[in-house]
Every structure is written in C-alpha cells, then in structure tokens.
Amino acid sequence: MNIVICDDSEILLNMMVKGCEKYKQPGDNIEGYVSSKQLKEILLEKKPEVDLFILDIDMSEVNGMELKDIISQIYEETNIVFATDYASYMPEAFGKKVIGFLLKKDFEDRIGEMIAKVREELSNDRKIQITDGQEKEELFQKRILSISAQRVYSVIRYVEYYNADTGELRVTEKTYRIPLREWEEKLEMKEFCRINRSTIVSWRYVKNISDKINMKNGDSYRIPAGKKRNLREMFMNYIVSRS
C-alpha cells in the first residue's frame, strides 16, 4: 500500500506520517511532502502509484482542493482523505475519490479506520488465474464488467479504462472456453452476482436496476421476473457496504 501525505506545516506533516506508521504493514510505503508544489510536479511528471493521498486543504502553494482536481484527472482509481483544522472546509472536500476527512486533532485516533478501508478495497483488487486450454492468464477481478455464457464459451466484458469522475469507460471483449460455474468458483462473489442462467455482472459497474440491470457502459441485461426485488436489495447492500 502506497500512502502520500502533504501538509505545508512540517510539524503536522511529521505527526501524520507517524500516525500512519502505526498501521504500516510489510511492503507499505509512506511518503510525506511539505511542498504541495513539489507534489504537484511529481504527480504530473511521474504519476507514481498511490493508493491513498492524505492532503491538507489550506496550503499556500497549491491547496488541497487543487491537488484533488489534479489527482482526479490523472488517476483512474485512488483514494483521498482530507486533513484540516477547520470543520467549515469539510462540505467542499467531497468528491468521488474522497473517502473521508479528518480534523487534525483527531488524526491519530481515526486514520487507522481510513487505512483499513483502503486496504480492504485493495484486497478486492486481486488477480484471478484462469486456464483456457493450454493458455494461462491472469485477470484483474475489478476490471471484469460482466461474463455471459455462449454455448461452451464465456464472453467477458473487460474494462480497459474507467474514470469514475467523468464516467468515461472503455470495454473490450475476451472469449474463453470456460463455464460460468468455474468463474463463480474463482471470483469473490460478494462483488458479483449471477443474475440469470447465462450472465454474471459486477456490482461495481451497475448503474441502476429497473426492469433490467443497466450497466455504466450502456449494456443492459434481462432479469427473471421473480428476482427483481432480491437483486435490488443486493445492489443496495453493495452500495451501502462501499459507502
């Protein structure tokens, strides 16, 4: 897990770094920046892999809201927590990549739950190994939009790019000689649902449920009449679990 912290007060920056280090696990990396201008330049030039940004809102060079906008433009998926001394800033701080905000006086008491939330999300970002004939392949579970059975084959709608802020989503198709039953055994099914005999969908990419399940890329899938209420409840439970 990679964490980047930015605060233009060196004392507060060190406090937040030490607070995060309490929850550090092997392989984690924590970096602190006292210059938001330097962080902005690094993000634009190198786009480092970052799982969690912790940003002060009120900074003199580049404020936290400006950094949030930059992060939203260049990162498909990441997480942002705002740390502030002023509760009045909080309503402005929300966005699709913002998972929360903390008053700095409560930072050490509450940052652990934020890190745990991101770590749980990352655990769902696992790869699954599949074997199709003699070919072996790894797929990111969270990029699977849907799987549809077609005779002895299954067709995966696989997300190549998704920006939750703009809604832009690009999908490709992959075909495998693998039955749906085998996919169900490999996938973390709390993230997916077999909505009928021939289709599995990812809750991550469901837009809404009416008479059909409507996906964020415009696809839609038929729902058996007797499953509509149950599927709506499952979808709402999934949304609540991610909030």
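Is Cys-193 buried or exposed? Cys-193 is buried, at 6% relative accessibility. Buried means under 20% relative accessible area, exposed over 50%, and partly exposed in between, with a 1.4 Å probe and protein chains only.

This is a predicted model, in which local features need pLDDT of at least 70 and side-chain atom pairs count only at pLDDT 80 or more, while totals for chains, interfaces and linings use all residues. Residues are numbered from 1 along each chain as its sequence is written, and side-chain values use heavy atoms, with hydrogens and water left out.

Stay with the cysteines for a moment. A disulfide is a pair of cysteine sulfur atoms within 2.5 Å. By this rule the count is zero disulfides. Cys-6 is in no disulfide, and the nearest cysteine sulfur, that of Cys-20, is 13 Å away. Cys-6 counts as buried, because its relative accessibility is 0%.

Now turn to the helices. Helices (H or I, at least four residues) and strands (E, at least two) are DSSP runs, numbered from the N terminus. Two packed helices are described by the angle between their axes and the distance between the axes. Axes are lines fitted to C-alpha atoms, for helices over the stretch in contact, and angles run from 0 to 180 degrees between N-to-C directions. Helix H2 (residues 36–46) packs on helix H3 (residues 64–74) at an angle of about 10 degrees, and their axes are 11 Å apart. H2 and H3 are therefore roughly parallel to each other. Angles under 35 degrees count as roughly parallel, over 145 as roughly antiparallel, 65 to 115 as roughly perpendicular, and the rest as oblique.

Which residues meet between H2 and H3? From H2 come Ser-36, Leu-39, Lys-40, Leu-43 and Leu-44. From H3 come Leu-67, Ile-70, Ile-71 and Ile-74. Contact means heavy atoms within 4.5 Å. By class, the contact of H2 with H3 has seven nonpolar, one polar and one charged residues. Here Ala, Val, Leu, Ile, Met, Phe, Trp, Tyr, Cys and Pro count as nonpolar, Asp, Glu, Lys and Arg as charged, and the others, Gly among them, as polar.

Two strands pair if DSSP finds at least two bridges between them. This sheet is open, has the order E10-E9-E8-E12-E11, and its pairing is antiparallel. The edge strands are E10 and strand E11 (192–196), and each pairs on one side only. Neighbouring strands are turned by 20 degrees against each other on average, direction ignored. Strand E8 (residues 144–150) and strand E9 (residues 153–162) are joined by six bridges. Ser-148 stands opposite Val-155 in E9.

Thr-199 lies in strand E12 (residues 199–202). Thr-199 is buried, with a relative accessible area of 5%. Beyond its neighbours within four places in sequence, Thr-199 contacts Ile-147, Ser-148, Leu-180, Cys-193, Arg-194 and Tyr-221.

Ile-178 sits in the loop between strand E10 (169–176) and helix H5 (180–186). Ile-178 counts as buried, because its relative accessibility is 2%. Ile-178 and Tyr-153 are 25 residues apart in sequence, and 5.9 Å apart in space, C-alpha to C-alpha. Leaving aside neighbours within four places in sequence, the contacts of Ile-178 include Ile-130, Thr-131, Val-152, Tyr-153 and Trp-183.

Last, a sheet of three strands. This sheet is open, in the order E13-E14-E15, with antiparallel pairing. Its edge strands are strand E13 (206–209) and strand E15 (220–222), each pairing on one side only. E13 and E14 form a hairpin with two residues between them. Three bridges pair E13 with E14, and the partner of Ile-209 in E14 is Ile-213. E14 and E15 form a hairpin with four residues between them. In that turn, Gly-218 has a positive phi of about 100 degrees. Strand E14 (residues 212–215) pairs with E15 over three bridges, and Lys-212 has Arg-222 in E15 as its bridge partner.

In a regular strand the side chains alternate between the two faces of the sheet. E14 has a covered face, Ile-213 and Met-215. Its uncovered face holds Lys-212 and Asn-214.
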